[in-house]
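Morning, everyone. I have one structure to walk through today, so let me put it on the screen.

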Amino acid sequence: MPRLELLEWANRYGLVAGITTRPLSLGLWSDEPVGQVIGRWRAFRSAFGDRFPSLVLAHQVHGTDVHWHDPLPEGWLILDGSDGHATAERGVLLTVTVADCIPIYLAVPQKGAIALVHAGWRGAADGILEQCVELLKWRGLAKASDIVMHCGIGICGSCYEVGSEVAVRFGMSGTVQLDLRAMLARQARALGINDITISPWCSAEGRDRFYSHRASQGRDGRMVAYLGRPLG
Ligand SMILES: [Zn+2]
């Protein structure tokens, strides 16, 4: 399965974290034949062997809901209207689909809690990161300074020009180049997170490997970002 893994998180924290790449398109709410898309998801899941008996995904709505997952039955869980997932369970693979929006990986290594969020400008402006951090602090029994964060592959500032109606949500005016990952990192630092890394890859510039909603005028597929603590 074509993918890029966050090897540093595997080595340091024992977590499976990464993102699929071309040519594996995993958009579920697309116009593609459902049999083909589900077949690819099954291939995606089987690539992890028996380390993750449960897999969660959701129909994403650019909202701020982050769902906490207690122990799950084996199989698939598909939620409605959620842009983030968190758990402290082993064997649960969290996933979000992206194509320019930023996958945010969060973990509390000492407590085993993890979270994965899909953040575009709307979610970032509406505070999905803060929602997620509050959830991790509460359910993961953590302090913000215990949390580590990685902003994954998404669109960079030079490729993401937005109009004034978006800029104003981030305290700017006029047409601006919005660097979503820099903005999210700034939010994270304000929330008390110190350990933050940012992927150097831009989805719109690296279209030989990545899908980009903007660079394709909405025609591209979706990549799957994933994060989980495998069964021991
Ligand atoms: Zn770019």
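Buried residues make up 53% of the 232 residues in this protein chain. Keep in mind that this is a predicted model.

Overall shape next. What radius of gyration would a compact globule of 232 residues have? Near 17 Å. The protein chain has 17 Å, so the two agree. Along the principal axes, the C-alpha atoms fill a box of roughly 50 × 45 × 30 Å.

Now the surface. The chain exposes about 10300 Å². Carbon and sulfur atoms supply 49% of that area. On charge, there are 23 positive and 23 negative side chains. The centres of the two sets lie 3 Å apart.

How many residues are in the largest nonpolar core? There are 41. The residues with the most contacts inside this core are Ile-104, Leu-106, Met-149, Leu-178 and Leu-184. Several elements give two or more residues to it, including strand 4 (66-69), strand 8, strand 9 (113-119) and strand 10 (148-151). Helices are on that list too, among them helix 3 (121-126), helix 5 (164-167) and helix 6 (180-191). Which element gives the largest share? Helix 4, with 6 residues.

There is also a second, separate core of 23 residues. Val-56, Val-98, Tyr-211 and Ala-225 are included in that one.

Leu-106 sits in strand 8, residues 102-108. Is Leu-106 buried or exposed? Its relative accessible area is 0%, so Leu-106 counts as buried. From Leu-106 to Leu-180 is 74 residues in sequence, and 16 Å in space, C-alpha to C-alpha.

Then Leu-178. Setting aside residues up to four places away in sequence, Leu-178 touches Trp-121, Cys-156, Gly-157, Tyr-160, Val-162, Val-166, Phe-170, Met-172 and Met-183.

Ser-54 belongs to strand 3, residues 54-59. With a relative accessible area of 4%, Ser-54 is buried, because the cut-off for that is under 20%. What does Ser-54 contact, beyond its neighbours within four places in sequence? The list is Arg-45, Leu-72, Pro-73, Glu-74, Gly-75, Gly-91, Val-92 and Leu-93. For a sense of distance, Ser-54 and Ser-164 are 110 residues apart along the chain, and 42 Å separates their C-alpha atoms.

Where is Ser-82? In the loop between strand 5 (75-80) and strand 6 (84-87). Leaving out neighbours within four places, Ser-82 is in contact with Ala-58, His-59, Gln-60, Val-61, Asp-65, Val-66 and His-67.

That is my last slide. Over to you.

Definitions and conventions. Residues are numbered from 1 along each chain as its sequence is written. This is a predicted model: local features need pLDDT of at least 70, side-chain atom pairs count only at pLDDT 80 or more; totals for chains, interfaces and linings use all residues. Side-chain values use heavy atoms; hydrogens and water are left out. The radius of gyration is taken over C-alpha atoms; the globule rule is 2.2 Å times the number of residues to the power 0.38. Buried means under 20% relative accessible area, exposed over 50%, partly exposed in between (1.4 Å probe, protein chains only). Accessible areas come from the Shrake-Rupley method with a 1.4 Å probe; for residues, only the protein chains shown count as cover. Lys and Arg count as positive and Asp and Glu as negative; His and the chain ends are not counted. The place of a charge is taken as NZ of Lys, CZ of Arg, CG of Asp or CD of Glu. Helices (H or I, at least four residues) and strands (E, at least two) are DSSP runs, numbered from the N terminus. A nonpolar core is a set of buried Ala, Val, Leu, Ile, Met, Phe, Trp, Tyr and Cys residues joined through side-chain atoms within 4.5 Å. Contact means heavy atoms within 4.5 Å.
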